[in-house]
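Trainee: I would like to go through the labels used for this model and ask what each one rests on.
Mentor: Go ahead, and we will set each value against its cut-off.

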Amino acid sequence: MQKIEFYLFTGDEISKLREKMGLSKDSFKHLLNITEFRLKQIEAGKKDLTPEQSKLLVDALKKTIQI
């Protein structure tokens, strides 16, 4: 059975994580493979990350903090 991991982040948390990682909005949208409009919706709390996008964010965080 495949293990499914899903992390829930609020829009504000995502915005703060992006800033702490030192990523511009442009770099961050490329990391998550999303449009600028979608990123604005996510950071405003109007849309959620998909499970795949959440995993990409967690993987990038792990690299940033060397886990």
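Trainee: Which residues of H2 are buried?
Mentor: In this predicted model, Phe28, Lys29 and Leu32 are the buried residues of H2.

Trainee: What makes these residues line one face of the helix?
Mentor: Viewed down the axis of H2, the buried residues fall within an arc of 100 degrees, so they line one face. An α-helix has 3.6 residues a turn, so residues three or four places apart point the same way.

Trainee: Which helices do the buried residues of H2 pack against?
Mentor: They pack against H1, H3 and H4.

Trainee: Why are H2 and H3 called roughly perpendicular?
Mentor: H2 and H3 pack at an angle of about 95 degrees, and their axes are 10 Å apart. The range for roughly perpendicular is 65 to 115 degrees. H2 and H3 are therefore given that label.

Trainee: Which residues make the contact of H2 with H3?
Mentor: Lys25, Phe28 and Lys29 in H2 meet Glu36, Leu39 and Glu43 in H3. By class, the residues of this contact are 2 nonpolar, no polar and 4 charged. Lys and Glu count as charged, Phe and Leu as nonpolar.

Trainee: Why are H2 and H4 called oblique to each other?
Mentor: The angle between H2 and H4 is about 120 degrees, with the axes 9 Å apart. Roughly perpendicular ends at 115 degrees and roughly antiparallel applies over 145. H2 and H4 are therefore oblique.

Trainee: Which residues make that contact, and how do they divide by class?
Mentor: Phe28, Leu31 and Leu32 come from H2, and Gln53, Leu56, Leu57 and Ala60 from H4. The contact of H2 with H4 has 6 nonpolar, 1 polar and no charged residues.

Trainee: How do you know that Leu57 is buried?
Mentor: Leu57, which lies in helix H4, has a relative accessible area of 0%. Buried means under 20%, so Leu57 is buried. Leaving aside neighbours within four places in sequence, Leu57 is in contact with Phe9, Ile14, Leu17, Met21, Phe28, Leu32 and Leu49.

Trainee: How far is the C-alpha atom of Leu57 from that of Tyr7?
Mentor: The two C-alpha atoms are separated by 9.3 Å, while the residues are 50 residues apart along the chain.

Trainee: Which residues of H1 are buried, and what do they pack against?
Mentor: Gly11, Ile14, Ser15 and Arg18 are buried in H1, which spans residues 11-20. Seen down the axis of H1, these buried residues fall within an arc of 100 degrees, so they line one face of the helix. They pack against H2, H3 and H4.

Trainee: Why is Asn33 called exposed?
Mentor: The relative accessibility of Asn33 is 68%, and exposed means over 50%. Asn33 therefore counts as exposed. Asn33 lies in the loop between H2 and H3. Phi of Asn33 is near 60 degrees, a positive value in a residue other than glycine.

Trainee: Which residue follows H1, and what is its phi?
Mentor: Gly22 follows H1, with a positive phi near 75 degrees.

Trainee: What pattern does the chain follow?
Mentor: The pattern along the sequence is α-α-α-α, from 4 helices and 0 strands. Buried residues make up 30% of the 67 residues in the chain. Of the contacts with a separation of 6 or more, 55% are between residues 24 or more positions apart.

Trainee: How confident is the predictor in this chain?
Mentor: The mean pLDDT is 88, and 88% of the residues reach 70 or more. Confidence is lowest in H4, at a mean of 87, and highest in H3, at 96. Where pLDDT is low, the predicted coordinates should not be read in detail.

Conventions. Residues numbered from 1 in each chain as written. Predicted model: local features only at pLDDT ≥ 70, side-chain atom pairs only at ≥ 80, totals over all residues. Heavy atoms only, no water. Buried < 20%, exposed > 50% of the residue type's maximum accessible area, 1.4 Å probe, protein only. Helix = DSSP H or I, 4+ residues; strand = E, 2+ residues; numbered from the N terminus. Arc of directions from axis to C-beta. Contact = heavy atoms within 4.5 Å. Axes fitted to C-alpha atoms, helices over the stretch in contact; angles between N-to-C directions. Parallel < 35°, antiparallel > 145°, perpendicular 65-115°, else oblique. pLDDT = per-residue confidence, 0-100.
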